[in-house]
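The sequence and structure come first.

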Amino acid sequence: MNYKDYLSITDEIQEALESGKPIVALESTILSHGMPFPENVEFAHKVEVVVREAGAIPATTAIIGGKLKIGLTSDELDLMCKAENVGKVSRRDVATYLATNQTGATTVATTMLIASLAGIKVFATGGIGGVHRGATETMDISADLQELAHTPVAVVGAGCKSILDIGLTLEYLETMGVPVLGYQTDDFPAFYCRKSGFGVDYNIPDAQTAAKIMKTKWDLGLEGGMLIANPIPAEYELDYDYMEKVINEALEMAKKDGIHGKATTPYLLAHIKDITSGVSFASNLQLAYHNAKVASDIAVEFAKLNK
């Protein structure tokens, strides 16, 4: 395999990989398609600071100039945040974007793929994609779930996005053998909300336990990754019933506007932000910072186990 020809890894991250230092992968779709400019610029830099302060090295990913970028310069972060001619790239799009020199923001699935190619085992996101509401009719199921089933990366997120069918998403993950671990919680979080009405497979008390489970799974040669569900901090949580009403309103708007496929999530998140007068956006920032902190703690513990 010649995949290393397509990797562009910063010197800092390459040195960290060679010496076994803790690294946390970060996606770029949240920058290009999940947040408005210029607020996303502040977030892009701050989330990397959060990772560093917790003792790990941030590795934001993107596709730029025919390369899978692992670690972005300040100019490259700005490029992704301005999002001019920046596509949303899932696994199916990777080869085309590389071969045609298009600029692409990496989804959860693609970030997992790139992290795995580089040997990075921990990834912090906002929340994963999953089975969309109405998927029994539309078959709209995120590629994130198949990636979790096959790619050996631990994903730390605030559960799955609350615009999804959470019950069906969890059923899908169970079928594919993906462990769903609650970080200090019995409840599966629903992005803006700490509880969804569904449970996790196991409540893990700390980062060290998460790292031990990761190491054990991959020592055994078990395929795939795991989801570490980390609830939004209580002070930034939004009311579940209120958010359900908001989400249903946004879904109706999407249906009326003929939105489907990979355009659905950015459309819904933008309209939810508008409907909630920006409150959901503030919560989104805080849960992403919190996920970055927990992911960094886990990466630090995992690096210790592998020394």
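## Strand 8 and its partners

In this predicted model, strand 8 pairs with strand 11 (residues 226–229) in the parallel sense, and 4 bridges link the two. Within this pairing, Ala-154 stands opposite Met-226 in strand 11.

Strand 8 also pairs with strand 7 (residues 122–124), again in the parallel sense, over 3 bridges. Here Phe-123 stands opposite Val-155 in strand 8.

## Side chains of strand 8

In a regular strand, side chains alternate between the two faces of the sheet. Strand 8 covers residues 154–157. Ala-154 and Val-156 point one way from the strand, while Val-155 and Gly-157 point the other way. Which of these residues are buried? All of them are, on both sides of strand 8.

## The chain as a whole

The chain holds 13 helices and 11 strands. Its radius of gyration is 18 Å, close to the 19 Å that the globule rule gives for 307 residues, so the chain is as compact as a globular protein of that length. The C-alpha trace spans about 50 × 45 × 35 Å along its principal axes.

Of contacts between residues at least 6 apart in sequence, 73% join residues at least 24 apart.

## Burial, surface and charge

Buried residues make up 55% of the 307 in the chain. The accessible surface comes to about 13300 Å², and carbon and sulfur atoms account for 51% of it.

The chain carries 26 positive and 39 negative charges.

Key:
Residues are numbered from 1 along each chain as its sequence is written. This is a predicted model: local features need pLDDT of at least 70, side-chain atom pairs count only at pLDDT 80 or more; totals for chains, interfaces and linings use all residues. Side-chain values use heavy atoms; hydrogens and water are left out. The radius of gyration is taken over C-alpha atoms; the globule rule is 2.2 Å times the number of residues to the power 0.38. Buried means under 20% relative accessible area, exposed over 50%, partly exposed in between (1.4 Å probe, protein chains only). Contact means heavy atoms within 4.5 Å. Accessible areas come from the Shrake-Rupley method with a 1.4 Å probe; for residues, only the protein chains shown count as cover. Lys and Arg count as positive and Asp and Glu as negative; His and the chain ends are not counted. The place of a charge is taken as NZ of Lys, CZ of Arg, CG of Asp or CD of Glu. Two strands pair if DSSP finds at least two bridges between them.
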